[in-house]
Amino acid sequence: MSGPSGVGIGWRPEIAGFVAGLPGLRFVEVVAEAVAPAGPLPDGLAELRGRGVDVVPHGVRLSLGGAEPVDPARVAHLAAVAAALDAPLVSEHIAFVRAGGLEAGHLLPLPRSREAVAAVVANVRRTQAELPVPLALEPIAALFDWPDDELDEADFLTEILDATGALLLLDVANVHANARNRGGEPTALLDRLPLERIAYAHVAGGAEHGGFYHDTHTDPVPAAVLDLVRELCQRRRPPALLLERDGHYPPAAELRAELDALAAASGHPAVT
Amino acid sequence: MSGDLAARQAELVAALVAGGPLPPGFAPAPVEAARRALLRKRAADVARHWPLLAAGLGAHWPATFTAWADGRPSNGSLRDGWDLARELRDRGTLPPLGAEELAAREVASRYDGHRPPRPRLMPAVARAGGAVAAQFAGRVRLLRPAPR
């Protein structure tokens, strides 16, 4: 159990066979809500753990940014998954996914306000108190901003990380998407984020649709995102990189080529 | 504009998934783009739970699903697909593959349209769009395929 290193990939049942066949793989991520900690682990995951591959539970439905206190049952589930997988850490998002009794079905952005910082910090602390391992927080991609931001993205994130001691899960594709859709220079954001706190980084594909760049996780990784990976790796020791692919799975050769491109951009050894 | 994060988050979610008005101050075009993206994501999620229904509709799946789901909050992918399949059955537009999938689901579980489906404990026969499925001791068999 050493923590994320090198190039990894999001483990999904549809590509379990592909992932199992990656000889150099050192870490994967699994959607935390897809794991039942009391039952047996999915076959492919148990095999990876047996090989010493780190498995990081990645929560998507905790709603740490919700104004309401985080649901203790969801926190307990995340903690139990971390224990069941003997995970080095867990990750979740700086976002909310439900409010007023309705599920949004996706990660929604917070206003960059003091009130929102306080809400996230309170929920992160509640969560950290129950987790057996460190928590990394991922800033999300969003298409829109709230009308009354008091902080810019870098200050907003840094305040949350400073107040909680949480690690940073930096999604390079989200940095690209936000700059493309909401303005700003992606490298300028990299220059202002606390990069030394990165636990690992996400990389994913997306596509243009209706005048916006959508972080779909179902399309190839664009060249601009790979460029940003290089920019990140010039600014600090290359962090562990995790490729997220959530559907429209390409032939194995294409997925291998994307993993190899991440290795080449970062200087990590190829895992294929 | 502070001190009421909970209410403002609820307004935003309602605008995105329940046909609520755009909250004050938000730029309409990006929020609309996010709303459409959520519908596409939901369509993909429901297609994973109802693969034959989605395959039966083929290229019409995204438009069929999003027209049905627009303004209707999700009850989860399983129930969303179930509700849509029943509505298409009632309209007479359920494709044969979807009819067979619906019949198989109806015979395996009891679903009242309001609460989560529960497995049937007794043997059952169900029909949907001309397809007939039977279930005995939890095993589901398609007795008659839907007419092509």
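**Note on the predicted two-chain model**

1. Helices (H or I, at least four residues) and strands (E, at least two) are DSSP runs, numbered from the N terminus.

2. Residues are numbered from 1 along each chain as its sequence is written, chains are lettered from A and ligands numbered from 1 in the order in which they are written, and side-chain values use heavy atoms, with hydrogens and water left out.

3. Strand β1 of chain A covers residues 7-10; Val7(A) and Ile9(A) point one way from this strand, Gly8(A) and Gly10(A) point the other way, and all are buried. In a regular strand the side chains alternate between the two faces of the sheet. Two strands pair if DSSP finds at least two bridges between them. Strand β1(A) runs parallel to strand β12 (residues 241-244) of chain A and is joined to it by 3 bridges, with Gly8(A) standing opposite Leu242(A) in β12(A). Strand β1(A) is also joined by 2 bridges to strand β2 (residues 27-31) of chain A, again in parallel, and Gly10(A) stands opposite Glu29(A) in β2(A).

4. Which residues have the most contacts inside the largest nonpolar core? They are Ile9(A) and Val28(A), in a core of 96 residues. A nonpolar core is a set of buried Ala, Val, Leu, Ile, Met, Phe, Trp, Tyr and Cys residues joined through side-chain atoms within 4.5 Å. Not counting residues up to four places away in sequence, Val28(A) touches Ile9(A), Trp11(A), Val19(A), Leu45(A), Leu48(A), Val53(A), Asp54(A), Val55(A), Val56(A) and Leu242(A). A second, separate core has 28 residues, including Val46(B), Ala54(B), Val107(B) and Ala126(B).

5. Thr127(A) is found in helix α4 (residues 114-130) of chain A and is buried, with a relative accessible area of 0%. Beyond residues up to four places away in sequence, Thr127(A) touches Leu62(A), Leu64(A), Val70(A), Val75(A) and Leu135(A).

6. Two loop residues of chain A deserve a look at their backbone angles. Asp86(A) has a positive phi of about 50° although it is not a glycine; this residue is in the loop between α3 (72-84) and β4 (90-94) of chain A and is partly exposed, with a relative accessible area of 40%. His217(A), also a residue other than glycine, has a positive phi near 65°; His217(A) is found in the loop between β11 (212-214) and α8 (223-235) of chain A, and at 11% relative accessibility it counts as buried.

7. Arg26(A) has its place in the loop between α1 (16-20) and β2 of chain A, where it counts as partly exposed at 47% relative accessibility. Arg26(A) and Ser266(A) are 240 residues apart in sequence and 15 Å apart in space, C-alpha to C-alpha.

8. The secondary structure of chain B comes to 6 helices and 5 strands, and from the N terminus on the elements run α-α-α-α-α-α-β-β-β-β-β. The C-alpha atoms of chain B fill a box of roughly 60 × 35 × 20 Å, taken along the principal axes, and buried residues make up 42% of its 148 residues. Among contacts in chain B between residues at least 6 apart in sequence, 50% join residues at least 24 apart.

9. Leaving aside neighbours within four places in sequence, Glu100(B) is in contact with Ala131(B), Leu142(B), Pro145(B), Ala146(B) and Arg148(B).

Conventions
This is a predicted model: local features need pLDDT of at least 70, side-chain atom pairs count only at pLDDT 80 or more; totals for chains, interfaces and linings use all residues. Buried means under 20% relative accessible area, exposed over 50%, partly exposed in between (1.4 Å probe, protein chains only). Contact means heavy atoms within 4.5 Å.
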